[in-house]
Amino acid sequence: MVENICSRITNYLRSKVDMSDERAEVINFGLLVLLGEVPKIILIMLFAWYFNILKLTLITFIAMSIYRTQAGGFHLDGHISCFLFSLIVFCGTSFLAKAIVTTNVTLLYILYGLIFVLDMIVIHKYAPADTDKIPIISSKKRKEKKIKSYIAVMIIYLFAIFISNSQIISNICVLTTLIQSLGMTPLAYKISKCEYGEVSKIEYDII
């Protein structure tokens, strides 16, 4: 439904203003973000506010965005399924981070270390994880995004370990990298019925 509305608005604008196909695609994408993503984010934040986890959910959103904008990951087609999944991820991470608070610091940092190693492996193998609808073809851009993915994870971990004075917030930071990394793997793409871009399929040897 949202896609149809955005397409109609874009076609209307094209009938009034001379524009290239590329320009029309940019406008259509912007409308999709505005009409599809913004209301979704508002609803998630209202849910978080109601359950008194707004601050934690905002931190989850920021940490996830820092990593995901560079590394990519699968996308769900339906707006309702995307909303429900995002709600589970952003708010569920906050609840989980509160639930795994522990006084065993050694165990905690071993867990952080294992997740960090997993993050590095996934980035090495699958970043950037694009989609067939928004592929990343340029080898230069792919290399830049891979490097920035490494940097994004390192920044998140530096904050979690050396800057944050709250174990809950540190847990959130680490859990978001884990969720994001898992969302870049072939298994996640298969479950979500999403497809990598053609260049990624060749580079990552995915059939």
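Colleague: How do the residues of the lining of the largest cavity divide into nonpolar, polar and charged?

Modeller: Please bear in mind that this is a predicted model. Rolling a probe the size of a water molecule over the atoms shows where empty space is left. Here, the lining of the largest cavity has six nonpolar residues, one polar and no charged. Those residues are Ile 100, Leu 111, Tyr 112, Ile 115, Asn 171, Val 174 and Leu 175.

Colleague: How many cavities of 30 Å³ or more does a search of the whole structure find?

Modeller: The search finds one, and the space in the largest cavity is about 40 Å³.

Colleague: Which helix gives the largest share of the lining of the second largest pocket?

Modeller: Helix α8 (residues 186-192) does, with four residues. This pocket holds about 190 Å³ of space. Its lining includes Pro 186, Tyr 189, Lys 193 and Glu 195, and divides into seven nonpolar, no polar and four charged residues.

Colleague: At what angle do helix α3 and helix α4 pack?

Modeller: Two packed helices are described by the angle between their axes and the distance between the axes. For α3 (residues 54-71) and α4 (residues 79-99), the angle is about 115 degrees and the axes are 8 Å apart. α3 is therefore roughly perpendicular to α4. Their crossing is right-handed. Among the residues making the contact are Phe 61 and Met 64 of α3 and Val 89 and Phe 90 of α4. The contact comprises six nonpolar, four polar and one charged.

Note on methods
Residues are numbered from 1 along each chain as its sequence is written. This is a predicted model: local features need pLDDT of at least 70, side-chain atom pairs count only at pLDDT 80 or more; totals for chains, interfaces and linings use all residues. Side-chain values use heavy atoms; hydrogens and water are left out. Axes are lines fitted to C-alpha atoms, for helices over the stretch in contact, and angles run from 0 to 180 degrees between N-to-C directions. Helices (H or I, at least four residues) and strands (E, at least two) are DSSP runs, numbered from the N terminus. Angles under 35 degrees count as roughly parallel, over 145 as roughly antiparallel, 65 to 115 as roughly perpendicular and the rest as oblique. A crossing is left-handed if the near helix is turned anticlockwise from the far one by less than a right angle, and right-handed if clockwise. Contact means heavy atoms within 4.5 Å. Ala, Val, Leu, Ile, Met, Phe, Trp, Tyr, Cys and Pro count as nonpolar, Asp, Glu, Lys and Arg as charged, and the others, Gly among them, as polar. On a 1 Å grid over the protein atoms alone, a cavity is a set of points where a 1.4 Å probe fits but cannot get out, and a pocket is an open set with protein on both sides within 12 Å along at least five of seven lines; lining residues have an atom within 4 Å of a point. Grid points are joined across faces, edges and corners, and a volume is the space filled by probe spheres set on the points.
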